[in-house]
Amino acid sequence: MTMRRAVTAPPIDLGRRKDLVDISVVMPCLNEEGSVGICVEKAWEGIRRSGLRGEVIVVDNGSSDGSVARAEAAGAWVVHQAERGYGNAYLKGFGAAQGRIIVMGDSDDSYDFTAIPDLIRPIARGYQYVLGSRFSGEIRKGAMSWSHRYIGSPVLTTILNVMFRLRVSDAHSGFRALTRVALDKMALQCEGMELKAAQARLRTAEVPITYSPRVGVSKLNALKDGWRHVRFLLLLSPDYLFVIPGIVFTALGFLGQLALLAMSGSSVALIGKVALALTAVSGSQVLIFGLFAKTHAKNVGLGTYSRVSEWVEKTFTLAHGMLVGTGLAIVGLGLVVSQLVADRQPIAAGGPSASLTILGLTAIVLGGKLWFDVFFLAMVRLKRPSPLSMPLSVVIQDAESDSSVVLERA
Ligand SMILES: Nc1nc2c(ncn2[C@@H]2O[C@H](COP(=O)(O)OP(=O)(O)O)[C@@H](O)[C@H]2O)c(=O)[nH]1
Ligand SMILES: [Mg+2]
């Protein structure tokens with residue numbers, strides 16, 4: 001989905017002609033009759049102080065109170081979004097906005113819209129995305145609960161920064177400014193703006209802002225929205241979700257196996273060895289999931305390139321995988337058979353023979369599995385044109401085998 005999709009045509013109004021608007025202030029609003037009017041007035045004051053020509057857009061999701069009337073009375077253009085949700089509200093508002101600079105903020109009077117000149121100042125210096133930071137600014141008494149301020153927000157912000165190598169100080173700020181160019185580049189779908197900003201390599205700046213207690217009750221739920229945030233980060237990060245845990249568990253399984261090699265004579269030893277083998281098998285499965293996920297992410301345009309992932313892609317081909325899989329299975333089979341035949345020491349005693357047998361079985365399982373893994377990987381790698389540009393017939397290509405198939409659209 002791109003941002004420039006059609007929106008309900010604004011009523012003919014010279015004041016909203018594109019060439020007459022520099023800055024669009026967009027506010028989502030759901031039942032904020034106590035504050036939306038003040039916010040719209042402050043936004044107009046902010047626009048006036050900036051010396052630019054602007055518009056104020058309030059996006060309503062069917063407020064059941066007097067929000068719409070208050071917003072209009074204060075001079076806002078109210079647009080309606082049928083689909084619920086804060087993210088959807090923003091998408092609608094961005095689509096309606098005409099300015100080359102877009103400012104976004106809550107309509108609960110927690111952000112001070114008269115500070116618009118400060119917020120957009122970096123844009124004049126060439127920045128494309130400005131984050132209003134409450135943590136480097138001021139958080140007034142009662143504006144944020146203790147748990148948000150000292151636990152929720154810092155933890156989530158740190159996770160975001162670590163996972164995506166960012167350096168933002170306030171990942172959940174609702175007061176931001178961006179340029180039209182930045183908006184188009186981000187091609188937003190719903191959430192995760194700072195991520196998209198990073199991926200689109202926007203020039204990003206932070207400006208300290210003041211956060212005041214909101215009027216009315218919060219519409220977001222900390223746990224639910226916190227979880228959505230983490231979920232979204234994980235979905236965009238196969239490395240942290242799959243690759244790293246996969247490597248850790250695989251290593252733990254095999255190294256643990258070596259550490260217990262000499263241990264014997266007890267059921268505990270045997271249980272430990274089997275458990276470690278299972279750990280290695282599941283770990284390697286998770287690691288392979290990482291490969292699938294990274295390939296998929298790249299296919300849908302979310303992937304980031306790195307030297308390692310390029311190497312993996314070149315190395316992890318169907319032919320190599322099948323060869324290595326077969327090799328592993330043969331080595332494993334050899335190990336198991338040799339332990340059975342040699343019979344130096346009963347396998348059931350749980351000593352080194354048991355370890356080698358378990359390692360052999362593990363290798364057989366991993367080797368066999370690898371055949372299916374690489375086939376699946378090859379499937380995920382099949383190239384497919386985007387549905388939007390799909391002509392009557394499409395060619396699906398497999399780069400690795402250099403072959404293709406033509407599909408006719410029904
Ligand atoms: N249009 C619309 N606005 C919403 C929705 N949910 C929240 N908002 C608005 O989005 C802004 C942010 O929500 P808020 O409750 O202040 O979240 P908080 O700042 O994280 O506590 C406020 O202006 C809300 O009125 C929604 O479903 N639709
Ligand atoms: Mg708010």
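**Notebook: a helix pair and a ligand shell**

I began with two helices: the axes of H10 (residues 267–299) and H13 (residues 352–381) come within 10 Å and cross at roughly 15 degrees. Axes here are lines fitted to C-alpha atoms, for helices over the stretch in contact, with angles from 0 to 180 degrees between N-to-C directions. H10 and H13 are therefore roughly parallel (angles under 35 degrees count as that). Helices are DSSP runs of H or I with at least four residues, strands are E runs of at least two, and both are numbered from the N terminus.

By class, I found 15 nonpolar, five polar and three charged residues in the contact of H10 with H13. Nonpolar covers Ala, Val, Leu, Ile, Met, Phe, Trp, Tyr, Cys and Pro; charged is Asp, Glu, Lys and Arg; the others, including Gly, are polar.

A note on the source: this is a predicted model, where local features need pLDDT of at least 70 and side-chain atom pairs count only at pLDDT 80 or more, while totals for chains, interfaces and linings use all residues. Residues are numbered from 1 along each chain as its sequence is written, and chains are lettered from A and ligands numbered from 1 in the order written.

Next I checked pLDDT, the predictor's confidence in each residue, from 0 to 100. The chain's mean is 85, and 84% of its residues reach 70 or more.

Then I looked up ligand 1: 20 residues surround it, and the closest are Pro-28, Asn-61, Ala-89, Asp-106 and Lys-219 (C-beta atom, placed from the backbone, within 6 Å). Strand S1 (23–29), strand S2 (54–60) and helix H3 (86–96) each give two or more residues to that shell. I noted seven nonpolar, six polar and seven charged residues around ligand 1.

Note on methods. Parallel < 35°, antiparallel > 145°, perpendicular 65-115°, else oblique.
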